[in-house]
Amino acid sequence: MNKNIYLTKQEQKIFNAISSIDIVTIKEIKDLLPDLKTYQINKICSSLSSKGYLYRLKKGAYLFQEKPFGADAPSIKNPYRIAMTLFKGYIGFSSALRIYDLLDYEPFTIFVATQTKSASKSIGEYVFKAVAMEAIARGMTFYRGTYVSTLTKTFFDCFYKPQYAGGYSTITKALFESRLDWKEFIGYFDTASSSLCQRTGYVLDTLGKETGKVPEAVLTYLRKRVKNNTKLLPSGKSVGRYSRDWMVLDNLGKENILSWWYHG
């Protein structure tokens, strides 16, 4: 049996008031329609949600739908706005690379860097994932209508958690195509672990030897942080090429780190 999509007079009133808004909150509706009480708005929004005209993102926040989505997934116009509604933080990792036009494809996992919250929520074909970064959750800007890590901070975050950036091949390709403030970039490593500095230095050194992209001063800074043996992929296998210079066991391989360079 099909859902009843007939709108009552009050439902139509709210529908018309928010028809130009992609994501709306109860407070915003209250501001638009001050004659309605909050409990009335909550009740009407719940009804509109059951009829498919609103999709509840979280308590008090809804995604507007021009047509009822019924059994289908809700229509998503701007996944980044949804991500920022769901989680408090900034767009990061591969999602930030996409915003900066440094990713060739449209990712269907949208990452938000937060201070303490790690969570995941699926809506339609998208997965919205919050990644807790604690004190490192800083360095953002407002760009293209959303809060996103600065270009420089994006690359630091990607080296910090490469699994959320699409891997080292994605990172090195994006880095090659960008114009990075290297002085600002290495500043983020002042409080980073030695192992992170070593892994990052090894990857940048590998990139630099092939492309000439990486300034020697950056590698010199990171070499000073070399301390103990570490693996490029910490949870990966314990076999591969060992770099004495960086004390890094490359258990991924140069062909994979620079696959885009060698194979296009």
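View 1. Lys27 is exposed, with a relative accessible area of 61%, where exposed stands for over 50%, buried for under 20% and partly exposed for values in between (1.4 Å probe, protein chains only). This is a predicted model, in which local features need pLDDT of at least 70 and side-chain atom pairs count only at pLDDT 80 or more, while totals for chains, interfaces and linings use all residues. Residues are numbered from 1 along each chain as its sequence is written, and side-chain values use heavy atoms, with hydrogens and water left out.

**View 2. A salt bridge between Lys51 and Glu11.** The side chains of Lys51 and Glu11 meet at 2.8 Å, N to O. Lys51 belongs to the loop between helix 3 (38-50) and strand 2 (54-58), whereas Glu11 belongs to helix 1 (residues 9-18), so the pair ties together parts that are 40 residues apart in sequence. Lys51 is buried, with a relative accessible area of 11%, and Glu11 counts as buried at 4%.

**View 3. The surroundings of Thr150.** Thr150 sits in the loop between strand 9 (146-149) and helix 6 (151-160), and it counts as buried because its relative accessibility is 19%. The side chain of Thr150 reaches the backbone nitrogen of Lys153 at 3.1 Å. Leaving aside residues up to four places away in sequence, Thr150 touches Tyr100, Gly139, Met140, Thr141, Glu184 and Tyr188, contact being defined as heavy atoms within 4.5 Å.

**View 4. The hairpin of strand 6 and strand 7.** Strand 6 (residues 119-123) and strand 7 (residues 126-132) pair in the antiparallel sense over 5 bridges, pairing being assigned if DSSP finds at least two bridges between two strands. The hairpin has 2 residues between its strands, and Gly124 in the turn has a positive phi of about 60 degrees. Ile123 stands opposite Tyr126 in strand 7.

Definitions and conventions
Helix = DSSP H or I, 4+ residues; strand = E, 2+ residues; numbered from the N terminus. Polar contact = N/O pair within 3.5 Å; in protein donor to acceptor, adjacent residues only side chain to side chain. Salt bridge = Lys/Arg side-chain N within 4 Å of Asp/Glu carboxyl O.
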